[in-house]
Amino acid sequence: MSNVTLILLAAGSSTRFELDIKKQWLRVGNQPLWQFVAEKCEKTKLFKKIIITSSLDDIEFMKYYSDFVFIEGGNSRQESLKNSLKEVDTEFVLVSDIARSCISEEFLQNIISYRGKSDCIVPYLKVNDTIVYDDQTIDRDRVKVVQTPQLSITAALISALEQKEEFTDESSAIVANGGSREFILGQSSAHKITHIEDLKKLQCLNPPSNDILSGTGFDVHAFDEKGEMYLGGVKIDSQYGFKAHSDGDVAIHALIDALLGAAGMGDIGMMFPDNDTAYKNIDSKKLLKRVVTKLCNFGFVIINVDLTIAAQKPKIGNYKLQMRKVLSTILNIESQRVNIKATTTEKLGFIGRSEGVGVIANANLKYFDWTKI
């Protein structure tokens, strides 16, 4: 049984990545980057346990992909690491970043082979160029480019992180706490994704799959003599509103379910519970905007949507073009990719009795193609 736990840090907000998508959700084939890295490490069988830190929002979705141990991260790398260390029960812990995506098994084996020789084992790269610091040329042979993963004695790292100072890597914390570290030569192929252009330096990453992901949504709402009616983000001239926790926009609610379905992200009730007062009478366009942002953050691109609105009344023919424009703006797609259809039920059922409206929606997504940046 291995006496090493692997912690993969993925709780960052990717602010330096300069895209709306979080880099941990870039796709390699059909896999998000975090899963690609974690499973590659798992296949080495070098670790007793693999822990992944991320934001709570991400973790809820990550659990649909795999059963690794997920820990909610903190506001800093160090805080995220401290949270994860609570789950470590091995003598040694290897800490790396999801963004360091092309680490080889040989590299991992070499680092682990040094366990116990120091409180922290640190891979580094030599500097080949001239180094100028504060307008003074310094000896480049004395400069090291520190990498992760770093292997630490678990107890030493836990103790080191009790310091109030923030450190950018584990070895710096351990040395500041009186511990020891040993440098070993790293690998240039273990490059870290920080900026967009870094993606071109990683040869182990295959392009995202070109699969089309399709989802459907269905929702109904009964009429209410109180309130105003909104359908597809547009105010409808009607003597009725809808019985609902939010503004009752049944078209947007069905559309949200279709988008979430295509992404495999559950349904509207899971994301916006109807017993949460935060959503009482909320404008459904705001809910749709949040969903679109989340889809973008998680690496999805909306291709098109198609809605069928079944209503005996009101008549919505004159509103369809306006609905297209409103929804396309929120979805960030061309208006011709938002199709709105209207039908009746030939006076059959609750819709035919003019008791409410039903909507069926379809949405198609694809993965963000980072190879075309």
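Leaving out its neighbours within four places in sequence, Thr53 is in contact with Ile7, Leu8, Leu9, Ala10, Ala11, Ile71, Ser80 and Ser84 (contact means heavy atoms within 4.5 Å). That's our way into this structure, which is a predicted model: local features need pLDDT of at least 70, side-chain atom pairs count only at pLDDT 80 or more, and totals for chains, interfaces and linings use all residues. Residues are numbered from 1 along each chain as its sequence is written, and side-chain values use heavy atoms, with hydrogens and water left out.

**Around Thr53**

- You'll find Thr53 in strand 4 (residues 49–54); helices (H or I, at least four residues) and strands (E, at least two) are DSSP runs, numbered from the N terminus.
- Is Thr53 buried or exposed? Thr53 has a relative accessible area of 0%, so it counts as buried (buried means under 20% relative accessible area, exposed over 50%, and partly exposed in between, using a 1.4 Å probe and protein chains only).
- For a sense of distance, take Asn332, which sits 279 residues from Thr53 along the chain: their C-alpha atoms are separated by 31 Å.

**Strands and sheets**

- A quick bit of background: strands of a sheet pair through backbone hydrogen bonds, either parallel or antiparallel.
- Strand 6 (residues 92–97) and strand 11 (residues 150–153) are an antiparallel pair with 4 bridges; here, two strands pair if DSSP finds at least two bridges between them.
- Ile121 has Leu151 of strand 11 as its bridge partner.
- Now look for an open sheet of 5 strands, in the order 16-13-19-17-18, with mixed pairing. Its edge strands are strand 16 (241–242) and strand 18 (338–343), each pairing on one side only.
- Inside that order, strand 13 (residues 213–224) and strand 19 (residues 356–367) pair in the antiparallel sense over 10 bridges, and Gly215 has Ala363 of strand 19 as its bridge partner.

**Helices against strands**

- Helix 7 (residues 250–263) lies across strand 13, strand 16, strand 17 (300–310) and strand 19, and runs at about 155 degrees to strand 13. For that angle, axes are lines fitted to C-alpha atoms, for helices over the stretch in contact, and angles run from 0 to 180 degrees between N-to-C directions.
- Which residues are buried in helix 4 (residues 105–112)? They are Phe107, Leu108, Ile111 and Ile112.
- Seen down the axis of helix 4, these buried residues fall within an arc of 130 degrees, so they line one face of the helix (the arc is that of the directions from the helix axis to the C-beta atoms).
- Why does that work? An α-helix has 3.6 residues a turn, so residues three or four places apart point the same way.
- The buried residues of helix 4 pack against strand 1 (4–9), helix 1 (33–42), strand 6, strand 7, strand 11 and strand 12 (181–185).

**Nonpolar cores**

- The largest nonpolar core has 96 residues, and those with the most contacts inside it are Phe47, Leu205, Leu231, Leu259, Leu288, Phe300 and Leu331. A nonpolar core is a set of buried Ala, Val, Leu, Ile, Met, Phe, Trp, Tyr and Cys residues joined through side-chain atoms within 4.5 Å.
- Helix 7 gives the most to this core, with 11 residues.
- A second, separate core of 17 residues includes Leu9, Ile51, Ile71 and Val88.

**Salt bridges**

- How many salt bridges does the structure hold? There are 12, where a salt bridge is a side-chain nitrogen of Lys or Arg within 4 Å of a carboxyl oxygen of Asp or Glu.
- Arg77 and Asp97 form one, with their closest N and O atoms 3.4 Å apart. Arg77 lies in helix 3 (residues 77–85) and Asp97 in strand 6, so the pair ties together parts that are 20 residues apart in sequence.
- Arg77 is partly exposed at 24% relative accessibility, whereas Asp97 is buried at 8%.
- Arg77, Asp97 and Glu170 are linked in a network of salt bridges.
- Lys372 pairs with Asp369 in a salt bridge whose closest N and O atoms are 3.9 Å apart; Lys372 is exposed at 71% relative accessibility, while Asp369 is partly exposed at 27%.
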